[in-house]
Structures are given as structure tokens and as C-alpha cells.
Amino acid sequence: MTTTSSASTPATARRRTFNARRAGAWALLALAIAVSVLPFLWVFRTALSTNGALATQSASLLPADFTVGAFMRVFGLQSPADAVAEGGSGAAIDFWLYLRNSIVFSSVTTAGAVFFSAMAAYAFARLRWKGRNAVFSLFLGTMLVPPIFTALPNFLLIKNLDLLNTMLGMVLPYVFMTPFAIFFLRQFFLNMSREVEEAAMLDGAKHLRIFFQIVLPNAAAPIATLALLTFIGQWNEYFWPLLVGSQDDVRVLQVGLGVFKSQSPQGAPDWSGLMAATLVSALPVLVLFAAFGKKIVNSIGFSGIK
Amino acid sequence: MTTLTKNHPARSDQRLARPGRIRRGGLRRYGDLKIALFFIAPAMIGFILFYVVPTIRGIYLSFTEYNILGDPEWVGLDNYAAIAKDPLFWNSLAVTGQYVLMNIALQTALALGLALLMDRVAKSTLVRGALLLPYLMSNVIAALLWFWMLDYQIGIVNQFIEWAGLPRVAFFGSEEWAIPTQAVINTWRHMGYTALLIFAGLQAIPQHLYEVAKLDGASPFQTFRKITMPLLRPVLVLVLVVTVIGSFQVFDTVAVTTQGGPVNATRVIQYYIYQRAFTESDFGYGSAIAVILFLILALVAFIQMKFLRGNESDLD
């Protein structure tokens, strides 16, 4: 009797405090998740409201005076008169053009950077040559140079080449490589087994064939993850496209959003239009995240630690 | 036949260790340089054109006066002398310093807390994904979203503040609130990402250490102080270096929301460089400030690595 009670009391007590602590921990975590996610729902709610109703029902949880007018406005499907009637400022965003520019800019830079970085990573990981490690350290060192520092001379170079406000000028600094991509892929290439490669070599395969037929297919998963991360990063890029692509025909969505915001006079910003545009600009990333969330989340620990 | 197949795995292991293999690899060393140059060529072009040359050119430009028309004119240390006497520069440095301190203190504390919570109660991808969502949005989107939620008149945050019986806050419009607001927005965007980096570090701590501590009757606080923190230090240092360097370069949120104002309250260094170089077309001066920013960042990284002994772990 005595032994059982003395043994069970601390155990239950421990479980009880453990549970209380666990509940508290969950509550804190739930709060953090709410803070991370709820603003997007608020943006969605705002985008489905009219500007007039937003001012009067600023705290209603549901869309105030439900309308899809703001989205129509963003897609250029609403006449200026209707826009003003819904409390829009009449400012326009050339959404389809900016969307096209964003897609071109992000996919070209991603494709180029990932492919050329994979080539370089192959040379750094699988080939033996003098100075390999020194050159790799140099490449890595460029990760330390702040982007603003190279942005000024790069802007001048693009200007000297007469490529300001061209897609080529926007794409060039990213398309050949990013230090992170080389670093990321080299790690995976280093860990590949040499067996298959050597067998292929005995069969007379050259490096080009090994690279295309063995290394790339075997590293499909990390390459896909890298492409995903690079694409999201490029989609969100603001500073360089702002410097080089400030004219309408090459302006990307992020820069367009900023322009759209500043077009709204301080007195009556087109909040619902702005939030609709924000949401639509985030949509590709949201879709990618919904589809490949696990891949993205699991790659995060990698980038900093190992 | 059967014996051969049975022996195969063992034989392939031996083949790996055979000296002949290594020697053949050694012979290949000379042949690889040419093909390596081929594989590295595109990346090398990008590296030289857009990293090496601009770094050198940026340093050169900082010693010139250059307004993009004409040629750069060598002025020696004039730009640096002018910067030393430029109140706007010192202001931008002070403002950036405030921003970095607030952002890093908040972000690191919250991220560490979140990482510990994830480690204890919820390692699921869904939870981690939800916390990562803000990080995947652009700075511009984060800025616009908070610009709306923090609006003085009809922003939801000010509604809550009013319900709580407090006076409304002009988050972007008042000099004392502008920088803290920028710091909080960027904390919101980055804390999940930082938490995941720290979380990865936590996962790498050997579990048996915690079991031993438990057997010894250590309290959770003692365990945290004596095991978690020391073993997490290399990761924390790395996270700090990366986040401090990143936050020194705050630009997007400022450019979209306050554009340096009110008065000079949010004119951070990078925004000041941008203004001098691109709106005032003073590339020499802008480059000189960029060189100073570069030096500050190098110094910060050096100090952090040195004093926090980032390369060592207490694992042994």
C-alpha cells in the first residue's frame, strides 16, 4: 500500500504539471500561428469589401459590403467610373503586364541560376583540379558582400551596356549563378556515391554525359527544392527590379505594388484594391507553398546550419 | 554463379579501398582541369562580372565624384571627409542602429521561444509551415499588409487599441513610433524562419544528454542553461550574424511605407545610399557610404564570431 501510493503520487503530480505546461506551450504556439496567419485572412476580408464600407465598418470580421470589385479592378475588368463608385482612387495597376514581367524575370533567373550553379557545383564537388577549394572559398565569400554595395556598380554596368529598362538587364546579375545555389548543390553532389559514376566512366562516358544522365537525375529532389526557393526569392525581389526595371514594360509585380500604393493620395487610399493586388501578387507563392510546403519547410534548417 | 553474386557486395567494398582506385583518381587530376573550366565557365562569368568587378569598382567610385553623365573624377578622401561631417549620415547610422537593436532583440527572443515550443510540443510540418508563411511573402507585401492593419483611422490594430481604452497610435506617422513599427513588421516576417534555423540546431543536440540530466534531477531551467544554451551557441551565433547583417540592410519596407520619414526618422543607411545615388545622382558619395556599410558589416561579423566563439561547441 505505502509503496504504491508513494510511487504513484509523484508520477500523477508530474503528469499534471506536465499537462498544464503542455497546454500553456500549445496556447503560446497557437498565438504565434495566429499572428502569422490571421493578417492574410484580414487582407482577404479587406479585398472583398468596398472602400466606403471599410471606413464605417472598420472592425467587422466579415467583408464590409461584400464585392469582388477590388479584384476586378486589379485585373483591369472594372471601368474607372465603377472604381470611383466603390471608393477606389481611380489609380490603375497594369496587372497582366506586371504579372508577365514577374513570371519572365523569376523563371529565367531561376532556370539559369540553378542550371549554371549545378554545373559549377559539379566542378567543385566531383572534379579534381588545382585551386578548387580556393576558388570555392572565393565564391562563398561573395555571400558576405552586401547586395547594396554591388548594386550601385552593377546598375552603372547595366546602364553602360544600354540595358536599363530591359528584361536582359534585370536578369543578367542573377542568371549565371548565386553563391547560395552553388553551396547548396555542392553539398548534395559531394555525398553522391562514386560507384555509378566510375562504372559509367569505364564504359567510356564523358563528364557531360555523367552530369546530364547521372548527377542531375540523381539530384532531382535537391535541385527541385533549390529551384523552388530561388523562384520564390526572385518573385519577391524588389530592390534590383526597382533600380533597373522602373518603366512599365519591364516593371515586375512587387515594384508595381509600390507604385500602386503611392498613386493613392494620402487622404483616401484604395485599401480594398491595394489588398486585392497584394493578395493576387502573393498567389503564386501561396500556391507553391500549398503544393510543396513540406519540401520548403524541411529545406530551411539546411540553409543555415550545415 | 550463386557464389559470385553472394560475394558481390563485399567485393565492391574492397574495391573502394584498393590503392589502384586512388591512383587512377590521381591520374585523372590533370585531365580534370580542362573539363572543370568548362563546367565552371558560366558561373565564373557571373561571378567576375557581377561580384568581383563591381566590388572593385564600388571601392574606386567611393574616391570619385560621379554624377553618371561625364566621367568619374578622382577626389581622394573628399567623400569620406564630407560623410564625417554629414548630419544626415550620422542620423541614418543612429536610426539603423536603433532598428537593428530592436529587430534583433525581438526576433531572436521570439524565435528562440518558438523553437523551444516546437521542439517540446509540435514538430509537425503544418505548424512549422504556418510560422514560415510570412517569410515567404515579399517585404513589399509584408509592408503593405501592415500599412493597412496599422492605419491610424481604420486599421484593425488601432481598433483594438481603442477598445482597450488607449489612445490611437500613428504607427508610421510619428517620429517615435516609425522605427519600432518597422522593426516589428520585419520581426513578424522573419521570426518563423529564424525559429526554424534554431529548431534545426535543437534537433542536433544529442537526446541522451537530456536523459542524463533528468536522471540527475536537473530542473528544466537548469537543463536549458547548462545543456541547451551551450550546445546551441554555434547555431545561435550563425543565426545572429546572418540576421544582424540582414537587418542592417533594411530597405524595402521603408521604401514602401515611410520613405525615410517622418522627418528623418526612418532614413536608414540603405535608404540614404539609394537617395544619394539614385535620386540625387551622386554615385561617388553613395558608393562611399556603401563602403562604410560594408566595413561595418564585416566588423560586426568579425566581432560576433570572435566574442561569441561561434566556431566552437561545448559538445566535447
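## A friendly note on the two-chain model

1. The largest cavity is lined by A:Phe40, A:Val43, A:Thr278, A:Leu279, A:Ala282, B:Met137, B:Ile141 and B:Leu145. The elements that give two or more residues to this lining are helix 1 (2–47) and helix 15 (271–305) of chain A, along with helix 6 (139–149) of chain B. Helix 15 of chain A provides the largest share, with 3 residues. Sorted by class, the lining holds 7 nonpolar residues and 1 polar residue, and no charged ones. Please keep in mind that this is a predicted model.

2. **How much empty space is there?** Rolling a probe the size of a water molecule over the atoms shows where empty space is left. How many cavities of 30 Å³ or more does a search of the whole structure find? The search finds 1. The volume of the largest cavity is about 40 Å³.

3. **Helix 6 of chain B.** This helix deserves a look of its own. Is it mostly covered or mostly open? Helix 6 of chain B is mostly covered, with 11 of its 11 residues buried. For anyone tracing the helix on screen, an α-helix has 3.6 residues a turn, so residues three or four places apart point the same way.

4. **Chain A overall.** Chain A has 15 helices and 0 strands. Of its 306 residues, 53% are buried. Taking contacts between residues at least 6 apart in sequence, 70% of those in chain A join residues at least 24 apart. The accessible surface of chain A is about 13600 Å², and carbon and sulfur atoms account for 67% of it.

5. **Chain B overall.** Chain B has 13 helices and 2 strands. Buried residues make up 53% of its 316 residues. Of the contacts in chain B between residues at least 6 apart in sequence, 65% link residues at least 24 apart. Its accessible surface comes to about 15600 Å², with 65% belonging to carbon and sulfur atoms.

6. A:Val171 sits in helix 8 (residues 167–175), while A:Lys294 is in helix 15. Which of the cover classes does A:Val171 fall into, buried or exposed? A:Val171 is buried, because its relative accessible area is 7% and the cut-off for buried is under 20%. Leaving aside residues up to four places away in sequence, A:Val171 touches A:Phe105, A:Val108 and A:Thr109. Its C-alpha atom is 12 Å from that of A:Leu243, 72 residues away in sequence. A:Lys294 counts as exposed because its relative accessibility is 55%, and exposed means over 50%.

7. **Backbone points to check in chain B.** Most residues other than glycine have a negative phi, and most peptide bonds are trans. Where does a cis peptide bond occur? One joins B:Gly261 and B:Pro262, with omega about -5°. B:Pro262 is in the loop between helix 11 (252–256) and helix 12 (269–279). B:Ile68, not a glycine, has a positive phi near 80°. This residue lies in the loop between strand 1 (64–65) and strand 2 (73–74), and it counts as buried because its relative accessibility is 18%. B:Ser281 also has a positive phi, about 55°, and is found in the loop between helix 12 and helix 13 (283–307). At 24% relative accessibility, B:Ser281 is classed as partly exposed.

Notes
Residues are numbered from 1 along each chain as its sequence is written. Chains are lettered from A and ligands numbered from 1 in the order in which they are written. This is a predicted model: local features need pLDDT of at least 70, side-chain atom pairs count only at pLDDT 80 or more; totals for chains, interfaces and linings use all residues. Side-chain values use heavy atoms; hydrogens and water are left out. Helices (H or I, at least four residues) and strands (E, at least two) are DSSP runs, numbered from the N terminus. Buried means under 20% relative accessible area, exposed over 50%, partly exposed in between (1.4 Å probe, protein chains only). Contact means heavy atoms within 4.5 Å. Accessible areas come from the Shrake-Rupley method with a 1.4 Å probe; for residues, only the protein chains shown count as cover. On a 1 Å grid over the protein atoms alone, a cavity is a set of points where a 1.4 Å probe fits but cannot get out, and a pocket is an open set with protein on both sides within 12 Å along at least five of seven lines; lining residues have an atom within 4 Å of a point. Grid points are joined across faces, edges and corners, and a volume is the space filled by probe spheres set on the points. Ala, Val, Leu, Ile, Met, Phe, Trp, Tyr, Cys and Pro count as nonpolar, Asp, Glu, Lys and Arg as charged, and the others, Gly among them, as polar.
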